[in-house]
Amino acid sequence: MNRYRLLFSIILLLCFSPCLRAGEWQWSVTLDGFVSNETNRNPTAFLWIPADCMRVKTILVGQHNMSEETLFDNPLFREKMQKLGIGFVWITPGIDQQWDVSKGTQRIFEKMMADLADVSGYSELKNVPIVPIGHSAMATYPWNFAAWNAERTLAVISLHGDAPRTNLTGYGRENLEWGRTRNINGIPGLMIEGEYEWWEARVNPALAFRMMYPESCISFLCDAGRGHFDVADETAAYIALFLEKAINQRLTDEVTKDGKVKLNPINPAQGWLAERWHPNQKKRAKAAPCSQYKGDVHDAFWYFDREMAEATEARYAQSREKKEQYLGFEQSGSLLAYDKKQHVRVQPRFHPAADGITFHLKAVCTDSLRTKLSDKHADATPVISRICGPVEKVNDTTFRVSFYRMGMDNPRRTGDICLLASQAGDRRYKSAVQEVSIRIPYRNTAGERQHILFPGLPDVEAGSGSLSLKATSDCGLPVSYYIKEGPAEIEGNQIVFTPIPPRSRFPVKVTVVAWQYGVAGKVQTAEPVERSFYILKPSGMAAFKSGRIDVGNGSLYYEEAGSGEPVIFVHGHSLDHRMWDEQFAEFAKEYRVIRYDLRGYGASSSQTEDYQFTHVQDLVTLMDSLHIRKAHIVGLSLGGFIGADMLGWFPERMASAFLASGNIRKAKGPSQPMTKEEALKRDEEITALKVKGVDVMKREWFEGLMNSGGTRKERMRQPLWEMIDDWDAWQPLHKEVRVVAGLDAYEAIKKNRPTVPTLIVEGNSPNNRYSNQPEILKYLPNGKLKVLEDCGHMLNMEQPEAFNATLREFLKYN
């Protein structure tokens, strides 16, 4: 009704204010076979995959409690998970605090993962390694999940919750009995407890478990200066580091008979020990490798390595010997009551503005009793952030009811808003936190009835920028929206589309919900209206697939997209298929493109010292398996050597050769196996490298590649380091067989003078050496040289525009 328009016009301005809200989740599935007692409906599982993820390495699975979604929506945490290739699954409402398989929980989980694999297009989800994570009352399930899924659990995270096999469960009932044969040996587990929720009875069972199961790998973090409900950025970063260690030390290229990724067990004896947290402790045992630890091992926890142990000690040092400060909240100028007997100790009434959904709170510093304001605090201003519930932050003192994908049909949770005040510490004071819970009336049942008219939405092509929303209320009140599922966000009355992960199955469903909360006593809450539409694959968009092919004593991981003439990209030493990210999708628009990991690199099988193979023969086997008779071969560095080997040994399989920063390698080929003298020299080199340290070698190698670059080299720093950091450095640590044909291929080139169209490409910069008269061109009648200015060795990453233009022009005429 129009008489309400002026009264609520304020909300039109607020709709365009900067807000903090829940993150996107691209897919969802309904969990059949289970009805939640919270909603009397089937729960929903939401899936988030990083926007640039080609293959998911692991999935964090959290059930709906509180801080799981705080962590999952943390921008810093999402950024780090994107780099690691980790996705999330969030189940709401939760299905089981215990993970009791006798109730069908395991079957529900396995079907959920299969359904998510099907709807998303990421087929690996069906068997991907899992990291179960739970907060508080949901923190028992991760340990039990691992015990019943040991072969699939990459790591375990108990966030402000339980120890494994404890009787002191967060949900207050009995725990499951594992039996004599079930354990979590070799699976790294992380238990986190906040300093301001400290309870020895929670910590001691974790220490006892370590002693009872000496092959267990239980890490512990006292979340110093934090409480029970929050997830600070530094805690999110710590969890991310823990997960990075788990991936690096446990993931393998092998697959079990039932399709699961084989996980390496962790040997706790090879880790570090650090003393547990003690409040107000002045002297601690020094963290050290397990075999060198001088403290009481019964009072210490295990950590992956020095970096993880020192990160733990650094967190503890932030609070040690500092004063405590205290926080409270003001509402309408008055300090809110603090009740230490309650689990959530500040619980004000909901006092909205005239629009019915905007409210105000201010975080303040108080005395220790929380009865009056205090000036004894750190030199910082306390801030308020969202923990969970239907709320978004407009500014430091203004908040707004904002429903989200949890839905509006959960009597227990729909009306619960949980916020956190936090105050950074300084050299005198440790950081402080204080939670507040507000229960909003849901629904508003008094006053005028209200209905929403929400026209249907059209399907759109991928690449569309936005879509206007035009829902209206018959009471004239402004309608709000949230995205339930899909790669999209709400900005005012617009759906703004976000990047679609590259292997997504089209069409991609987007569901948007229109809602209007009403005004207490004046206008009732409207029934929310849901509309779905689809993002369609644009015409000409390349289909994507990945797989593995057998090459004898191993397998190669490959990715393929597009259609047309085949173009195969071959990566360089210490790198993997990701180095072609700037070329893969671009050339898939016109060609059938394949990129793969060489044997011994990336996701392909490892090498062995006693098995003779060559990369060029592996490449031909890949082509045969993909039914490719001829292909354009694009290689860089080691990939260029392999391309030159193709010219020597298999020119009939080449449509053209595009060899960047490397062509023929003038070194002995497989016709001349390693001599005893060469083997002894390699042993000396390997010993020297081990003394020097692999990490030092990697950093020097990386800096050498960076230093060869021109003025735009910084753009490649992060992706280049990520690949080198992920590299296991097997080759420099072993006596590698002759994997490059080298001089064997060169002699064939000189003899046969192949007519394959060939372009040798080099980068010109002050620190990049190259020959402006490559000797190989003497024997290639259709060979030419092209020099790209202002770039070094990694020219495809440093100057992708120039590289792509050169390659496109070359392919066009060959």
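Two strands pair if DSSP finds at least two bridges between them. That rule opens the exercises below, which use a predicted model.

**Exercise 1. Work out which strands S11 pairs with, and in which sense.**

Step 1. Locate S11: the strand covers residues 272–275.

Step 2. Take strand S12, residues 288–289. S11 and S12 share two bridges, in the antiparallel sense. Two bridges meet the cut-off of at least two.

Step 3. Find the facing residues. Trp 272 stands opposite Pro 289 in S12. Leu 273 has Ala 288 as its bridge partner in that strand.

Step 4. Turn to strand S13, residues 300–303. S11 and S13 pair over four bridges, again antiparallel. Here Glu 275 stands opposite Ala 300.

Step 5. The order is S12-S11-S13, an open sheet of three strands. S12 and S13 are the edge strands, each pairing on one side only.

**Exercise 2. Find which residues of the largest nonpolar core touch the most other members.**

Step 1. Count the core: it holds 82 residues.

Step 2. Name the residues with the most contacts to other members. They are Ile 568, Leu 619 and Leu 720.

Step 3. Follow Ile 568. Beyond its neighbours within four places in sequence, Ile 568 contacts Ile 594, Tyr 596, Leu 619, Met 623, Ile 628, Ala 631, His 632, Ile 633 and Val 634.

Step 4. Look for a separate core. Another one, of 70 residues, lies apart, and its members include Trp 25, Ala 146, Val 231 and Leu 241.

**Exercise 3. Divide the chain into domains and describe the annotated stretch at residues 567–805.**

Step 1. Read the domain assignment. Domain 1 is 27–163 + 182–319, domain 2 is 326–439, domain 3 is 452–536 and domain 4 is 545–813.

Step 2. Take a distance. The C-alpha centres of domain 2 and domain 4 lie 56 Å apart.

Step 3. Consult the record. An unreviewed UniProt entry places "domain: AB hydrolase-1" at residues 567–805.

Step 4. Describe that stretch. The chain there is 38% helix and 15% strand. Its end C-alpha atoms are 15 Å apart.

**Exercise 4. Locate two cis peptide bonds.**

Step 1. Take Thr 92 to Pro 93. This bond is cis, with omega near -15°. Pro 93 lies in the loop between strand S4 (86–92) and helix H4 (105–120).

Step 2. Take Tyr 442 to Arg 443. This bond is also cis, with omega near 5°. Arg 443 lies in the loop between S22 and strand S23 (452–453).

**Exercise 5. Contrast Ser 574 and Arg 753: what are their phi values, and how accessible are they?**

Step 1. Read phi. Ser 574 has phi near 75°, a positive value in a residue other than glycine. For Arg 753, phi is near 45°, also positive.

Step 2. Ser 574 is in the loop between strand S34 (566–570) and helix H9 (581–588). Arg 753 is in the loop between helix H15 (743–752) and strand S38 (758–764).

Step 3. Compare accessibility. Ser 574 is buried, at 0% relative accessible area. Arg 753 is partly exposed, at 43%.

**Exercise 6. State how many disulfides the structure holds, then check Cys 290.**

Step 1. The structure holds zero disulfides.

Step 2. For Cys 290, the nearest cysteine sulfur is that of Cys 217, 9.0 Å away. A disulfide needs sulfur atoms within 2.5 Å, so Cys 290 is in none.

Technical notes:
Residues numbered from 1 in each chain as written. Predicted model: local features only at pLDDT ≥ 70, side-chain atom pairs only at ≥ 80, totals over all residues. Heavy atoms only, no water. Core = buried A, V, L, I, M, F, W, Y, C linked by side-chain atoms within 4.5 Å. Buried < 20%, exposed > 50% of the residue type's maximum accessible area, 1.4 Å probe, protein only. Contact = heavy atoms within 4.5 Å. UniProt positions renumbered as here; feature names shortened; annotations may be inferred. Domains from an automatic or database assignment.
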